[in-house]
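Here's a quick briefing to read alongside the structure. Have a look around first, then work through the points below.

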Amino acid sequence: STTRSAMLASGSWREGCPVPLSRLRLLTLTYWGFDAQAHVGQLIVNASVTADVIAAMKRLYVARYPIRRMRLVDVYGASDERSMRADNTSAFNARYVEGTTVWSQHAYGLAIDINPLENPSIQDGKVDPPTGSRYIDRSLRVKGLIHPGDVVIRAFQAIGWGWGGDWHSLKDYQHFSLTGT
């Protein structure tokens, strides 16, 4: 398929990945954009969480929660950094946790990053993506910014997923995962 070819070409899936291509599923989802219009986007997730992810994303759609864009990370050459800078909501990418050789939950198709610009990760004063530094003040009320207890948190809690904004040594406000890591 075209998606499989793109994944292999970009490197979002490669030999040694902890999950075989056969266990991944392409989801085509409707979401509300920052322009208050409905858009169609795509995520790749592990087959085991397909129904749950669809349910969580449906809750966001019904609530008209705004998402900037939702494109496969392959559009960005499988670069997490490029995808984040584009404020792209994404899921599967065969990559390690930054600075380690430990597979990220994204490499298993068990994690989603939502609006990474408005919801950056912050560790030891480093903001990623750097352009998200204007959103480190989590009391801001701007489109796409995730707050404790909001519809995004509730949608993912309802499927048993944890939020990186609850972490202590690092805050990863964009990150939701099945394992909570």
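Let's start with a term: a residue counts as buried when its relative accessible area is under 20%, and as exposed when that value is over 50%. S90 has 6% relative accessibility, so it counts as buried. Keep in mind that what you're looking at is a predicted model.

**Around S90**

- Skipping neighbours within four places in sequence, S90 is in contact with L43, R71, S83, H106, A111, I112 and D113.

**The overall build**

- The protein chain has four helices and eight strands.
- Starting at the N terminus, you'd read the elements off as α-β-β-α-α-β-β-β-α-β-β-β.
- Why does a radius of gyration of 15 Å agree with a compact globule? For 181 residues, such a globule would come out near 16 Å, so the chain's 15 Å agrees with it.
- Along the principal axes, the C-alpha atoms fill a box of roughly 40 × 35 × 30 Å.
- Take the contacts between residues at least 6 apart in sequence: 54% of them join residues at least 24 apart.

**Inside the protein**

- Of the chain's 181 residues, 52% count as buried.
- The largest nonpolar core is made of 28 residues, and V53, M57, L60, I114, V152, F156 and F176 have the most contacts inside it.
- At least two residues of this core come from each of β1 (24–32), β2 (38–46), α2 (50–62) and α4 (151–157).
- Which element gives this core its largest share? That's α4, with five residues.
- Another core lies apart from that one; it has twelve residues, including W13, C17, V19 and L24.

**A closer look at F176**

- F176 is one of the residues with the most contacts inside the largest core.
- Leaving out neighbours within four places in sequence, F176 is in contact with L110, A111, I112, I114, I146, V152, I153, F156, W161, G162 and W163.

Key:
Residues are numbered from 1 along each chain as its sequence is written. This is a predicted model: local features need pLDDT of at least 70, side-chain atom pairs count only at pLDDT 80 or more; totals for chains, interfaces and linings use all residues. Side-chain values use heavy atoms; hydrogens and water are left out. The radius of gyration is taken over C-alpha atoms; the globule rule is 2.2 Å times the number of residues to the power 0.38. Buried means under 20% relative accessible area, exposed over 50%, partly exposed in between (1.4 Å probe, protein chains only). Contact means heavy atoms within 4.5 Å. A nonpolar core is a set of buried Ala, Val, Leu, Ile, Met, Phe, Trp, Tyr and Cys residues joined through side-chain atoms within 4.5 Å.
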